[in-house]
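Work through the exercises below with the sequence and the model at hand. Each task is followed by a solution in steps.

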Amino acid sequence: MATFTTSDGLSLYYTDTGNGLPILCLSGLGRTGADFRYVAPYLEEYRVITMDYRGRGQSEFDKNWRNYTLAIESRDAIELLDHLGIDKAAILGTSRGGLNAMMLGQMVPDRILGVAFNDVGPEIDPEGIKDIMAYLGVKPSIRTHAEAALILPNLLGGFIGVPASRWMEEAETHFVDDGAGGLNLTYDAHLRDAVANETESPDLWAFFDDLAGKPLCLIHAAGSDILNEKTAQEMRARRPDMIYTKLPDRGHIPFLDEPAAVTALKDWLDLIQ
């Protein structure tokens with residue numbers, strides 16, 4: 001199990017596989033680096049790094065939930081790159097990971113080679129936030145992974161034609177046995193408090209614009225409740241050179257092993273090498 005210690009003393013889990021161009025994969029709000037397991041086989045020619053944010057997955061929980069912020073998560077990502085001796089990396093950001101990518105573009109612009117956004121942009125649809133807050137930090141009432149696999153399609157929404165085996169794999173990834181015959185979250189429930197406490201946020205459109213000159217990619221789920229059409233089209237208008245694909249039959253978030261998603265990522269990486 002690979003871990004490193006942050007400047008404020010937390011032990012964070014990461015994976016580091018392959019060689020070549022480094023790709024730092026940053027996951028969604030209550031998710032972990034395991035989200036990138038589907039796309040990993042298509043990125044074997046690259047050095048793929050994932051990190052479980054503080055308070056998620058196999059990383060240590062922070063005693064102060066107010067530290068679950070973009071700024072501190074991005075600082076942790078920088079410290080991971082330092083720990084690995086990586087000077088520059090491409091960033092693949094899923095949902096919140098895309099927001100962290102824009103934050104990194106402000107904090108260490110010379111270290112960011114390019115950014116791929118997985119179903120996220122500078123504006124988050126308020127309906128999506130409402131949907132997330134309905135379950136964020138709430139211990140599941142379901143008792144088994146089989147039950148979780150049945151409810152996930154409806155809970156997430158926008159997914160069509162996904163086999164039951166994939167939903168079971170998702171259930172086993174995002175819920176853990178609680179030791180008492182039920183399931184529990186894979187992240188600190190206080191993450192809900194942190195999100196509720198985020199009353200102000202920086203102008204992420206300015207952060208997006210400041211990625212000028214760096215190769216960008218946007219993977220957009222047609223059924224997304226986080227990235228709406230207006231925001232996606234504004235991103236394209238501001239960066240007409242951005243690689244873009246819209247995935248039918250997908251909601252938030254795409255798995256990234258969809259053929260169109262893989263093609264978009266490879267086209268983006270070709271611009272960086």
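**Backbone exercises**

Leu 256 has a relative accessible area of 1% and is therefore buried. The model used here is a predicted one.

**Exercise 1.** Decide whether Ser 95 is buried or exposed, and describe its backbone.

Solution. The loop between strand S5 (89-94) and helix H2 (96-107) holds Ser 95. The cut-off for buried is under 20% relative accessible area. Ser 95 has 12% relative accessibility, so it counts as buried. The phi of Ser 95 is near 50 degrees, again a positive value in a residue other than glycine.

**Exercise 2.** Which residues does a cis peptide bond join?

Solution. The bond lies between His 252 and Ile 253, with omega about 10 degrees. Ile 253 belongs to the loop between S10 and helix H9 (259-272). Most peptide bonds are trans.

**Exercise 3.** Describe the setting of strand S10 (residues 243-247) and how the chain reaches S10 from S9.

Solution. Of the five residues of S10, four are buried, so the strand is largely enclosed by the rest of the structure. S10 runs parallel to strand S9 (residues 216-221), and five bridges join the two. His 220 has Lys 246 in S10 as its bridge partner. From S9 the chain passes through helix H8 (residues 229-238) to S10, a right-handed β-α-β crossover.

Conventions. Residues are numbered from 1 along each chain as its sequence is written. This is a predicted model: local features need pLDDT of at least 70, side-chain atom pairs count only at pLDDT 80 or more; totals for chains, interfaces and linings use all residues. Side-chain values use heavy atoms; hydrogens and water are left out. Buried means under 20% relative accessible area, exposed over 50%, partly exposed in between (1.4 Å probe, protein chains only). Two strands pair if DSSP finds at least two bridges between them. A crossover is right-handed if, with the strands pointing away from the viewer, the path from the first strand over the helix to the second runs clockwise.
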